[in-house]
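Hello,

I am passing this structure on to you. Please have a look at it first; my notes follow below.

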Amino acid sequence: MDSNIPLFLRHIAQTSDAPLLLEIDSANGVYLTDTSGRQYMDLISGISVSNLGHSHPEVVKAVCEQAARHMHLMVYGEYVQSPQVKLAQLLTSLLPSSLSQVYFVNSGAEAVEGALKLAKRYTGRSGIVSFKNAYHGSSHGALSVTGGEWLKQPYRPLLPEIQLLTYGQAVELEAITDKTACVIIEPVQGEGGVIVPPEDYLQQLRNR
């Protein structure tokens, strides 16, 4: 079998200077299998996308059944599509009664962008508080509230009025004022080395 690695390097934009270059042929359960038959354990589940394991038979069955009926039709909010309606109903059944609608997006970064815009529009405020060592995505707004300066510097200027606090330091919560539209936070930080805050920190943040 001819390797696709030369074509990958030529036509796919790499996200690092040293891509792993594992040429994956198939995946099942927790294992990835490359084109030479060697197996690798996937410890991040495709960044949590395949959290039931790769090629899970129930997931494959559901995908095939849905694809045989219809796939993408139109942006949601226009056509009534049963799978979206049922998923929204399930999600909202797990939320407080005041949260009765779902806005589906295709990535975490897009969800962050939507949340920032919604907070600014709803409050009429423009200040945003985030935290050092946080990662929220690579689009413009999401990058603005990400904590790593090395990620942000090549793209400045980014959104204004962003304050970055030290995660877990309750005294810094005073930076949240009546000009703050929202606070965006990862309850358990990953980019910063899996940082868990003091036990009462999130409650203090909520109170503030």
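Pro 197 has a relative accessibility of 15%, so it counts as buried. Keep in mind that this is a predicted model. Pro 197 sits in the loop between S6 and H8. Leaving aside residues up to four places away in sequence, Pro 197 touches Tyr 167, Gly 168 and Pro 187. Val 60 is another matter. Pro 197 and Val 60 are 137 residues apart in sequence, and their C-alpha atoms are 39 Å apart in space.

**The aromatic rings**

Tyr 167, one of the residues that Pro 197 touches, also comes up here. How many aromatic pairs does the structure hold? There are two.

Take Phe 131 and Tyr 167. Their ring centres are 5.6 Å apart and their planes stand at 70°, so this pair is edge-to-face; the cut-off for that label is over 60 degrees. Phe 131 lies in strand S4 (residues 127–131), while Tyr 167 lies in the loop between strand S5 (162–165) and strand S6 (180–183). The pair therefore ties together parts that are 36 residues apart in sequence. Phe 131 and Tyr 167 are both buried.

Now Tyr 167 and Tyr 201. The ring centres of Tyr 167 and Tyr 201 are 5.6 Å apart, with planes at 85°, so this pair is edge-to-face too. Tyr 201 belongs to helix H8 (residues 201–207), and Tyr 167 to the loop between S5 and S6, so the pair ties together parts 34 residues apart in sequence. Tyr 201 is buried, as is Tyr 167.

Put together, the ring pairs link Phe 131, Tyr 167 and Tyr 201 into a cluster.

**The salt bridges**

Side chains of opposite charge can pair when their charged atoms come close. A search of the whole structure finds three salt bridges.

- Lys 61 and Glu 65 meet through their side chains at 2.9 Å, N to O. They are four residues apart in helix H3 (residues 57–69), so about one helical turn separates them. Lys 61 has a relative accessible area of 46% and is partly exposed. Glu 65, at 45%, also counts as partly exposed.
- Arg 156 and Glu 149 form a salt bridge at 2.8 Å, N to O. Arg 156 is partly exposed at 39% relative accessibility. Glu 149 is partly exposed at 35%.
- Arg 208 and Glu 174 form a salt bridge at 3.6 Å, N to O. This pair links distant parts of the chain: Arg 208 is in the segment after H8 and Glu 174 in the loop between S5 and S6, 34 residues apart. Arg 208 is partly exposed, at 43% relative accessibility. Glu 174 has 54% relative accessibility, so it counts as exposed; the cut-off is over 50%.

S1 pairs with strand S2 (residues 31–34) in the antiparallel sense, over four bridges. Which residue of S2 is the bridge partner of Ile 24? That is Asp 34.

Best wishes

Key: Residues are numbered from 1 along each chain as its sequence is written. This is a predicted model: local features need pLDDT of at least 70, side-chain atom pairs count only at pLDDT 80 or more; totals for chains, interfaces and linings use all residues. Side-chain values use heavy atoms; hydrogens and water are left out. Two strands pair if DSSP finds at least two bridges between them. Helices (H or I, at least four residues) and strands (E, at least two) are DSSP runs, numbered from the N terminus. Rings of Phe, Tyr and Trp (its six-membered ring) pair if their centres lie within 6.5 Å; planes under 30 degrees apart count as stacked, over 60 as edge-to-face and the rest as tilted. Buried means under 20% relative accessible area, exposed over 50%, partly exposed in between (1.4 Å probe, protein chains only). Contact means heavy atoms within 4.5 Å. A salt bridge is a side-chain nitrogen of Lys or Arg within 4 Å of a carboxyl oxygen of Asp or Glu.
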